[in-house]
Amino acid sequence: DHAAVVTYLDSKVGDVTSRLRSFGLEEKTLVIFASDNGPHNEGGHQVSFFDSSGGLQGYKRSLFEGGTRSPSMAWWPGTISP
């Protein structure tokens with residue numbers, strides 16, 4: 001389920017960035033993706049299966065870095081270097 005969601009998101013992000021390029025707006029548009037803090041460890045989800053905490057200790061509702069950090073990405077060609 002998780003891998004399918006990541007694959008779908010990747011495809012749709014590609015659609016958005018392609019559309020921005022087709023209109024010549026990529027250098028005038030800041031695209032930001034953010035997530036909530038940490039992976040959960042309930043309902044049969046295994047934090048270790050996809051290395052969901054990125055090697056950090058903890059998960060949601062814990063005070064370790066794996067539970068408090070919030071992943072994000074920004075894309076702005078010509079302004080933010082890859």
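Reader: Where is Gly54 found?
Author: In this predicted model, Gly54 is found in the loop between strand 1 and helix 2. Its C-alpha is 7.5 Å from that of Gly66, while the two residues are 12 apart in sequence.

Reader: Why is Gly54 called exposed?
Author: The relative accessibility of Gly54 is 56%. Exposed means over 50%, so Gly54 counts as exposed.

Reader: What makes the contact of Asp36 and Lys60 a salt bridge?
Author: The N to O distance between the side chains of Asp36 and Lys60 is 2.9 Å. A salt bridge requires a side-chain nitrogen of Lys or Arg within 4 Å of a carboxyl oxygen of Asp or Glu, and therefore the pair Asp36 and Lys60, at 2.9 Å, qualifies. The pair links distant parts of the chain, 24 residues apart, with both Asp36 and Lys60 in the loop between strand 1 and helix 2.

Reader: Why is Lys60 called buried, and why is Asp36 called partly exposed?
Author: Buried means under 20% relative accessible area; Lys60 has 16% and therefore counts as buried. Asp36 has 46%, which falls between the cut-offs of 20% and 50%, so Asp36 counts as partly exposed.

Reader: How do you know that Arg61 and Glu42 meet in a salt bridge, and what does the pair tie together?
Author: The N to O distance for Arg61 and Glu42 is 2.4 Å, and the criterion is within 4 Å; therefore the pair is a salt bridge. Arg61 and Glu42 both lie in the loop between strand 1 and helix 2, so the pair ties together parts that are 19 residues apart in sequence. Arg61, at 62% relative accessibility, counts as exposed, whereas Glu42, at 37%, counts as partly exposed.

Reader: How many salt bridges does the structure hold, and where do Asp15 and Lys12 lie?
Author: The structure holds 4 salt bridges. One of them joins the side chains of Asp15 and Lys12, at 3.3 Å from N to O. Asp15 and Lys12 both lie in helix 1, 3 residues apart, about one turn of the helix.

Reader: Why are Asp15 and Lys12 called partly exposed?
Author: Asp15 has a relative accessibility of 42% and Lys12 a relative accessible area of 35%.

Reader: How much space lies in the largest pocket, and which residues are the closest to its centre?
Author: About 1100 Å³ of space lies in the largest pocket. It is lined by 36 residues, of which His2, Val6, Leu9, Ser35 and Pro71 are the closest to its centre. Two or more lining residues come from each of helix 1 (2-22), strand 1 (31-34), helix 2 (65-68) and strand 2. Helix 1 gives the largest share, 7 residues.

Terms used. Residues numbered from 1 in each chain as written. Predicted model: local features only at pLDDT ≥ 70, side-chain atom pairs only at ≥ 80, totals over all residues. Heavy atoms only, no water. 1 Å grid on protein atoms, 1.4 Å probe; cavity = no way out; pocket = protein on both sides within 12 Å on 5 of 7 lines; lining within 4 Å. Points joined across faces, edges and corners; volume = space filled by probe spheres on them. Helix = DSSP H or I, 4+ residues; strand = E, 2+ residues; numbered from the N terminus. Buried < 20%, exposed > 50% of the residue type's maximum accessible area, 1.4 Å probe, protein only.
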